[in-house]
Amino acid sequence: LGLPYNNIKTILNILDADEIYIGCTFTYHNESAHKVISICKEVLPKAKIKFGGIYPTLATKEAKKSKADEIFVGEYPGIQDKSINYEILGYNPGYAVIKGTKGCPNNCAYCAVHKLEGHKFIFRDPKKVFEELYQTYKRYGIREIGIWDSNLLLNYKKYFGVILKKIKEKNLKLRFYAPEGFDYRLINQEIANDLKKAGFQQISIALENFDSSFVKDKLNRN
């Protein structure tokens, strides 16, 4: 999942930090996150540990068992408008993650996006999203891009279609993947062609079922 625990101890001894921020994205990584917190407390007992992310937000009661000094629930204000600084890694990663929307109008039983981000769908300026993507491409030489948006194809003409058009204009050679999946009802031949030209080699479709009553009653799909 990352650095060996002994390496983390070495880094903490060098840093001698007063505050430590720990994030955990996936709920199934909770044990590892708790272990890292215990290491931090062992090495730097006076440091204040702040624990946030998707796991603490969805399972706050469980996250408190980590004994972090503060459990942060939700999203830091304005965080979506911040670009990722890859220079702190010390190397160029093989891929980058871009996210330009927030929220989801659906209430799917198998998904937590509506709990984390709300039902209101909010778009960032597509020109700014493209500029972030372009700088990632130009500055770091990253060619593989993960699009971490839910319902990426909503308002296609005014949002993602604009981004794909700019990618074509700049003739960027990219490889895309969208692990959150697409709503099949929003895909047509024109959009499929745009996706392929932009560098999508495969797409994922959100969980569906031919039984409309099952979709509505069991999956809570709109």
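Colleague: Where does Asn-155 lie?

Modeller: Helices and strands here are DSSP runs (H or I, at least four residues, for helices; E, at least two, for strands), numbered from the N terminus. Asn-155 lies in the loop that links β7 (144–147) and α7 (160–170). The model is a predicted one, in which local features need pLDDT of at least 70 and side-chain atom pairs count only at pLDDT 80 or more, while totals for chains, interfaces and linings use all residues. Residues are numbered from 1 along each chain as its sequence is written, and side-chain values use heavy atoms, with hydrogens and water left out.

Colleague: What is the phi of Asn-155?

Modeller: Most residues other than glycine have a negative phi. Asn-155, although not a glycine, has a positive phi of about 55 degrees. Asp-16, in the loop between α1 and β1, also has a positive value, near 50 degrees.

Colleague: Which accessibility class does Asp-16 fall into, and which does Asn-155?

Modeller: Buried means under 20% relative accessible area, exposed over 50%, and partly exposed in between (1.4 Å probe, protein chains only). Asp-16 has 55% relative accessibility and therefore counts as exposed, whereas Asn-155, at 39%, counts as partly exposed.

Colleague: In what order do the strands of the sheet containing β7 stand?

Modeller: Two strands pair if DSSP finds at least two bridges between them. This open sheet has three strands in the order β4-β7-β8, with parallel pairing. Its edge strands, β4 (95–98) and β8 (175–177), each pair on one side only. β4 and β7 run parallel and are joined by four bridges, with Val-97 opposite Gly-146 in β7.

Colleague: Which helix packs on that sheet?

Modeller: Contact means heavy atoms within 4.5 Å. Axes are lines fitted to C-alpha atoms, for helices over the stretch in contact, and angles run from 0 to 180 degrees between N-to-C directions. Helix α6 (residues 126–140) packs there, touching β4, β7 and β8, and its direction makes about 170 degrees with that of β4.

Colleague: What is the order of the strands in the open sheet that contains β1?

Modeller: The order is β1-β2-β3, again three strands with parallel pairing. β1 (19–23) and β3 (70–71) each have a single partner strand, so one side of each is left without a neighbour in the sheet. Five bridges pair β1 with β2 (residues 48–52), and Tyr-21 stands opposite Lys-50 in β2. Helix α2 (residues 30–43) lies across β1 and β2, at about 170 degrees to β2.
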